[in-house]
Amino acid sequence: MNASEGDLAPQVRSILSAARARPGGERRLTVDARSFPAAVEATESEGRVPLIAEVKPTSPTTDGVRDDDPVELAREMVAGGATALSVLTEPEHFGGSTDSLERIRDAVDVPVLRKDFVMNETQLDVVESDLILLIARFVGDDLSNLVDAAKDRGFQPLVEVHTKDELDAALATDADIVGINNRDLGKLEVDLGTFEDLASHVPDDVLLVAESGVKTADDVRRMREAGADALLVGTAIMDGDVRENTRNLSSL
Ligand SMILES: O=P(O)(O)OC[C@@H](O)[C@@H](O)c1c[nH]c2ccccc12
């Protein structure tokens with residue numbers, strides 16, 4: 001454990017130690033990515049809200065497990081108007097798998113984000129995806145190198161931040177897409193004010209994603225007013241009819 005990990009919730013510490021132990025890929029991947037900025041623009045031009053809908057079978061902050069076929073859930077999200085999909089590949093705490101991601105990416109034509117706790121360069125080479133999450137807090141000093149390594153392979157890195165310092169670190173890299181996570185990964189608490197506080201520091205040429213805690217149409221409006229180009233929504237879509245939920249949150 002490094003010094004800052006003492007502030008993390010026990011579940012998150014367990015996620016990180018599992019992530020560090022997970023092997024990387026055996027050969028360097030090259031990805032022909034579906035453009036996320038183009039997909040966002042297309043949704044905007046239809047007058048809808050760009051949503052990244054998350055296939056999240058379970059999580060440390062969710063009750064129960066959703067064991068429907070992930071490919072079916074993904075298809076329903078796209079039918080409901082999702083601009084992109086986020087697929088958890090973390091196996092031990094989120095019920096995800098790289099196999100689900102591959103099957104989902106084959107089944108849909110929207111960009112797919114690989115949601116995992118990538119800690120080093122070879123872990124980029126585990127499975128192809130269009131976008132890949134890099135969490136500033138966990139990657140630390142390697143952030144800029146990992147952003148470059150991801151872009152060199154053809155991925156579109158989405159750098160996730162939660163504080164002003166992390167945002168500054170993200171903006172100092174070549175990342176074009178930044179996500180502000182409303183959930184504090186230390187305490188696992190959600191506050192939509194996080195996005196509102198940080199969004200104004202993000203230059204216009206960066207594509208800005210509001211992540212976590214968005215449940216209602218009002219929450220969507222709040223994040224859009226604060227400057228969100230797109231929203232990443234998991235729980236509120238996974239809870240109930242995913243097509244209906246995606247449609248409701250994206251058609252404001
Ligand atoms: O279920 P929510 O509150 O809509 O959140 C989705 C997504 O933002 C959340 O799953 C998430 C954001 N960053 C993460 C990092 C790892 C795992 C999960 C996440």
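Author: Two strands pair if DSSP finds at least two bridges between them. The model is predicted, so local features need pLDDT of at least 70, side-chain atom pairs count only at pLDDT 80 or more, and totals for chains, interfaces and linings use all residues. Residues are numbered from 1 along each chain as its sequence is written, and side-chain values use heavy atoms, without hydrogens and water.

Reader: What makes strand β7 and β8 a pair?

Author: Strand β7 (residues 207-211) and β8 are joined by three bridges in the parallel sense, against a requirement of at least two. E211 stands opposite L232 in β8.

Reader: How many bridges join strand β1 to β8?

Author: Three bridges join strand β1 (residues 51-55) to β8, and the strands run parallel. L51 has L231 of β8 as its bridge partner.

Reader: Which residues of strand β8 point one way, and which the other?

Author: In strand β8 (residues 230-233), A230 and L232 point one way, while L231 and V233 point the other way. All are buried (under 20% relative accessible area, with a 1.4 Å probe and protein chains only).

Reader: Why is α3 called roughly parallel to α12?

Author: The axes of helix α3 (residues 70-79) and helix α12 (residues 242-250) cross at roughly 30° and come within 7 Å. Angles under 35 degrees count as roughly parallel, and therefore α3 is roughly parallel to α12.

Reader: Which residues make the contact of α3 and α12?

Author: L73, E76, M77 and A79 of α3 meet V242, R243, T246 and R247 of α12, where contact means heavy atoms within 4.5 Å.

Key:
Axes are lines fitted to C-alpha atoms, for helices over the stretch in contact, and angles run from 0 to 180 degrees between N-to-C directions. Helices (H or I, at least four residues) and strands (E, at least two) are DSSP runs, numbered from the N terminus. Angles under 35 degrees count as roughly parallel, over 145 as roughly antiparallel, 65 to 115 as roughly perpendicular and the rest as oblique. Buried means under 20% relative accessible area, exposed over 50%, partly exposed in between (1.4 Å probe, protein chains only).
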